[in-house]
Amino acid sequence: MKVKIGFIGLGNMGLPMAENLQKAGYDITGFDLIKDIKTKINISHHYEDLIEDKDVIFTMLPSGKEVCSVYNKIIGKCLSSTILVDCSTIDIKSAHSITELANNNNLITLDAPVSGGVVGAIDGTLTFMVGGNKHAFEKIKSIFEIMGNKAVYCGRSGSGQAAKMCN
């Protein structure tokens with residue numbers, strides 16, 4: 001079965017991460033508020049088109065405010081089997097908030113901020129610090145390994161953000 005991935009936030013970090021997944025053979029659909037992004041990945045101009053039938057949805061956004069806003073728009077429309085992964089560097093309170101929202105809708109989320117910067121995103125050498133459901137982490141660890149050199153499970157929800165802050 002081919003894993004279908006949605007990627008919300010196609011900026012300096014998100015776009016190369018999504019493109020690396022596509023190069024590895026994943027079915028990627030991206031979304032960003034900027035509409036004229038130059039890329040070979042499939043771009044959706046509506047959240048609804050992006051989230052339908054996706055196995056994993058990644059977000060890479062500027063702050064907890066944007067992440068919470070996006071989650072509030074998409075959470076009720078995701079498949080029950082979808083794993084939501086936020087790679088943004090946000091505050092722990094926002095990470096807990098989106099986890100609670102996901103749990104209330106019978107969905108699983110991981111907070112997975114990265115280190116390695118834009119060069120790491122382009123080269124696929126990021127390090128992911130992941131908090132949340134360990135089973136979900138194990139299930140998609142191979143996806144992290146395409147975008148980075150290392151994916152470290154740090155513990156329950158918010159632990160990835162806490163590890164990033166310490167880093």
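**Helix 1, the cores and a helix pair**

A: Start with helix 1: seven of its 10 residues are buried, so helix 1 is largely enclosed by the rest of the structure. Keep in mind that this is a predicted model.

Q: Which residues in helix 1 are buried?
A: They are Gly14, Leu15, Pro16, Met17, Ala18, Asn20 and Leu21.

Q: And what follows helix 1?
A: Gly25 does, with a positive phi near 100°.

Q: Switching topic. How many residues does the largest nonpolar core have?
A: It has 32 residues. Met17, Phe58, Val85, Phe128 and Phe144 have the most contacts inside it.

Q: Which elements give two or more residues to this core?
A: Helix 1 (14–23) and helix 6 (134–147) do, along with strand 1 (4–8), strand 4 (56–59), strand 5 (83–86) and strand 8 (126–132). Helix 6 gives the largest share, six residues.

Q: What is Phe128 in contact with, leaving aside neighbours within four places in sequence?
A: Its partners include Met17, Cys87, Pro113, Phe144 and Val152.

Q: What does the second core include?
A: That separate core has 20 residues, among them Leu50, Ile51, Tyr71 and Ala95.

Q: Now the helix pair. At what angle do helix 3 and helix 4 pack?
A: About 5°, with the axes 10 Å apart. That makes helix 3 roughly parallel to helix 4.

Q: Which residues meet there?
A: From helix 3, Gly64, Val67, Cys68, Tyr71 and Asn72; from helix 4, Ser94, Ser97, Ile98 and Leu101.

Q: What classes are in that contact of helix 3 with helix 4?
A: Five nonpolar residues, four polar and no charged ones.

Notes: Residues are numbered from 1 along each chain as its sequence is written. This is a predicted model: local features need pLDDT of at least 70, side-chain atom pairs count only at pLDDT 80 or more; totals for chains, interfaces and linings use all residues. Side-chain values use heavy atoms; hydrogens and water are left out. A nonpolar core is a set of buried Ala, Val, Leu, Ile, Met, Phe, Trp, Tyr and Cys residues joined through side-chain atoms within 4.5 Å. Buried means under 20% relative accessible area, exposed over 50%, partly exposed in between (1.4 Å probe, protein chains only). Helices (H or I, at least four residues) and strands (E, at least two) are DSSP runs, numbered from the N terminus. Contact means heavy atoms within 4.5 Å. Axes are lines fitted to C-alpha atoms, for helices over the stretch in contact, and angles run from 0 to 180 degrees between N-to-C directions. Angles under 35 degrees count as roughly parallel, over 145 as roughly antiparallel, 65 to 115 as roughly perpendicular and the rest as oblique. Ala, Val, Leu, Ile, Met, Phe, Trp, Tyr, Cys and Pro count as nonpolar, Asp, Glu, Lys and Arg as charged, and the others, Gly among them, as polar.
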